[in-house]
Amino acid sequence: MSSPTLYYFDLIGLAEPTRLAFHLGGVPFTDFRFQREQWNEEYKAKSPTGKAPWLQFEDGSYLTESRAILLYAASKAGLVPTDFTELAVCEQAYSIVQDSLPPLSDILHSHGDRETALKNALERLAAADKVVASRQSKEGWINGKGMTYVDLAVFAFVKTFTDRIEGVDMTKYESLQKTYNAVNAEPRIQEYYNKE
């Protein structure tokens, strides 16, 4: 069986949950990472949509959009719930956490008014924390039962923004932090980061 190639910047960002899903599932793939300065010069033109990440298959076909790529990897790793209610809980959490991304990115990259973006980010993080808590297990799993793709997405999200933005203390969001801690405690996750 051929293994796909995941193209993304050499940082956590949008591709990390996919990398983790492939690793947890023992699914072979090539993790192709490029530097920011290489993006405009070389890789933007190679991307099917002019955006990253993308997953390229040996037959030339591809998947774009981080969520679609994550769902592909997670399905191969057995991290997508088969129960539709559990899946809906995961999708709800994924969506509301992603709603926090634009204002956090605006702050991180100095786009627009910082105070407005910070206010929006804090409101969205509080909403995400509340929604995640609604069905979260005592261990921290968002669907209340076990690790899924959305736990990996929340883990990467928290890891990306921890200690990077003044005025945003990710530890204040107890449910998001609980999921982060649950994923981080997984031995295969520790193995993944220790090998890097």
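Which residue in strand 2 does threonine 5 stand opposite? In this predicted model, the residue opposite threonine 5 is threonine 30. The pair belongs to strand 1, residues 5-9, and strand 2, which run in the parallel sense and are joined over five bridges.

Strands of a sheet pair through backbone hydrogen bonds, in either a parallel or an antiparallel arrangement. Five of the five residues of strand 1 are buried, so strand 1 is largely enclosed by the rest of the structure.

Two packed helices are described by the angle between their axes and the distance between the axes. For helix 1 and helix 3 the angle is about 10° and the axes are 8 Å apart. With angles under 35 degrees counting as roughly parallel, helix 1 and helix 3 are therefore roughly parallel to each other. On the side of helix 1, the contact involves Pro17, Thr18, Ala21, Phe22 and Gly25. The residues they meet in helix 3 are Ser66, Ile69, Leu70, Tyr72, Ala73, Ala74 and Ala77.

Tyr72 also touches phenylalanine 57, as do Pro4, Tyr62 and Leu63, when residues up to four places away in sequence are not counted. Phenylalanine 57 is located in the loop between strand 3 and strand 4. Its C-alpha atom is separated by 9.0 Å from that of leucine 6, although the two residues are 51 residues apart along the chain.

Helix 6 comprises 20 residues, 114-133, and reaches 28 Å from its first C-alpha to its last, close to the 28 Å expected at 1.5 Å a residue. Its buried residues are Ala117, Leu118, Ala121, Leu125, Ala128, Asp129 and Val132. Viewed down the axis of helix 6, these buried residues fall within an arc of 100°, so they line one face of the helix. Glu115, Lys119 and Lys130 are exposed on the other side of helix 6. The cover over the buried residues of helix 6 includes helix 4 (84-98), helix 5 (101-108), helix 7 (149-161) and helix 8 (174-185).

For helix 7, the 13 residues should span 18 Å at 1.5 Å a residue, which agrees with the 19 Å between its end C-alpha atoms. Because 12 of its 13 residues are buried, helix 7 is largely enclosed by the rest of the structure. Among these buried residues are Tyr149, Phe155, Phe157 and Phe161, along with Asp151 and Thr160. The axes of helix 7 and helix 8 come within 8 Å and cross at roughly 105°. Helix 7 is thus roughly perpendicular to helix 8. In this contact Asp151, Leu152, Val154, Phe155, Val158 and Lys159 of helix 7 meet Leu176, Gln177, Thr179, Tyr180, Val183 and Asn184 of helix 8. Helix 7 is followed by aspartate 163, which has a positive phi, near 60°.

Further backbone features occur in loops. Most residues other than glycine have a negative phi, and most peptide bonds are trans. Alanine 52 and proline 53 are joined by a cis peptide bond, with omega about 5°. Proline 53 sits in the loop between helix 2 (36-46) and strand 3. Glutamate 65, in the loop between strand 4 and helix 3, has a positive phi of about 75° although it is not a glycine. At 40% relative accessibility, glutamate 65 counts as partly exposed. Serine 110 is not a glycine either, and its phi is positive, about 55°. Serine 110 lies in the loop between helix 5 and helix 6 and, at 64% relative accessibility, counts as exposed.

Methods:
Residues numbered from 1 in each chain as written. Predicted model: local features only at pLDDT ≥ 70, side-chain atom pairs only at ≥ 80, totals over all residues. Heavy atoms only, no water. Pairing = 2+ DSSP bridges. Helix = DSSP H or I, 4+ residues; strand = E, 2+ residues; numbered from the N terminus. Expected span 1.5 Å × (residues − 1). Buried < 20%, exposed > 50% of the residue type's maximum accessible area, 1.4 Å probe, protein only. Arc of directions from axis to C-beta. Contact = heavy atoms within 4.5 Å. Axes fitted to C-alpha atoms, helices over the stretch in contact; angles between N-to-C directions. Parallel < 35°, antiparallel > 145°, perpendicular 65-115°, else oblique.
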